[in-house]
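Here is a brief report for a first look at this structure.

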Amino acid sequence: MSSLSLRWWWLDRPGARVRGYTVGAGPPLLLLHGGRDNARCWYEQLPVFARSFRVIAFDARAHGETRVFDGDYSTAAMVADARAVLDAERAGRAAVIGYSMGAAVAVRLALAAPERVSALVLVGFGGNADAARPQDVPALRAAWERDQALLREGGLAALLPRRLQRLFSPAFSAEAAERYCSAFLASDPSELLRRPLPDLGIVDLAAVSAPTLVVAGEADAVFSPQLGRAAAAQLPNARFVAIPGGHACHLESPALFNAVVEEFLASHVGG
């Protein structure tokens, strides 16, 4: 990633200042990262996708360098940020890749503004299995509070052992883990501590009109591949693929993931 010529930018939003970057040339491709990650965590995808696309990525609210001043960390605000980023980058219609939390935002963007989304790639997506309010699910609340306590007491580094175990399979190498950790640590723990439990709700997957690729890690411990397959079955124009790896299979099996996504985007977007 360091060898790429990223154009970093700031975008002022109502109640927030969003940090992001653009790299490459061609049809626009928007990348939406997962919860507690940041825009630097696409390091395995940027060198490949920037060859054919104008890649746009940004730090979601409470993540990376993005700052929130009005306390609005809602999914609706993240969707509005994504639209504003596309506007600022003059990307009228873009392909969108979303991972985990970013996949949930991507689906909601495709529903709210179908004219802005040419194709969807959803990675580590649980469909509506992630839609129960975490506030109402004791196990989810307990996991969230445990992670928040670790973050409060030891900063981002304290989250890493548990995070690596949760997001990746045992086959994930120490060298690859070190690279992920370097990108992950770019966030500000004080911002992440302000982020509340996600406010995901049930969405009508059958109303998504964009062609969609759902990618799941065969060893995903967050959302099983069966959930991804079920979500793909509810989407009217979707294909499901399982590849080796855990929840963050795009980082664990990057060559295969990138090849599958490039083939899909070439069929539906060009580039």
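## Nonpolar cores

How many residues does the largest nonpolar core have, and which have the most contacts inside it? This is a predicted model, in which local features need pLDDT of at least 70, side-chain atom pairs count only at pLDDT 80 or more, and totals for chains, interfaces and linings use all residues. Residues are numbered from 1 along each chain as its sequence is written, and side-chain values use heavy atoms, leaving out hydrogens and water.

The largest nonpolar core has 47 residues. L29, V55, I97, V121, Y180 and L265 have the most contacts inside it. A second, separate core has 39 residues, including W9, L11, L86 and A210. A nonpolar core is a set of buried Ala, Val, Leu, Ile, Met, Phe, Trp, Tyr and Cys residues joined through side-chain atoms within 4.5 Å. Buried means under 20% relative accessible area (1.4 Å probe, protein chains only).

V55 touches Y21, T22, V23, L29, L31, L46, F49 and A50, not counting residues up to four places away in sequence. Contact here means heavy atoms within 4.5 Å.

## Helices α2 and α3

Helix α2 spans residues 75-88 and helix α3 spans residues 101-112. Helices are DSSP runs (H or I, at least four residues), and strands are too (E, at least two), numbered from the N terminus. The α2 and α3 axes are 9 Å apart, at an angle of about 70 degrees. Axes are lines fitted to C-alpha atoms over the stretch in contact, and angles run from 0 to 180 degrees between N-to-C directions. The two helices are therefore roughly perpendicular (65 to 115 degrees).

From α2, T75, M78, V79, A82 and R83 meet M101, V105, R108, L109 and A112 of α3. By class, this contact has 7 nonpolar, 1 polar and 2 charged residues. Ala, Val, Leu, Ile, Met, Phe, Trp, Tyr, Cys and Pro count as nonpolar, Asp, Glu, Lys and Arg as charged, and the others as polar.

## Helices α5 and α6

Helix α5 (residues 156-167) packs on helix α6 (residues 174-184) at about 130 degrees, with axes 11 Å apart.

L156, L159, L160, R163, L164 and L167 of α5 meet A177, Y180, C181 and F184 of α6. The contact holds 9 nonpolar, no polar and 1 charged residues.

## Loop residue S100

S100 sits in the loop between β6 (94-99) and α3. At 18% relative accessibility, S100 counts as buried. S100 touches G34, V123, G124 and H247, not counting residues up to four places away in sequence.

Conventions: Buried means under 20% relative accessible area, exposed over 50%, partly exposed in between (1.4 Å probe, protein chains only). Angles under 35 degrees count as roughly parallel, over 145 as roughly antiparallel, 65 to 115 as roughly perpendicular and the rest as oblique.
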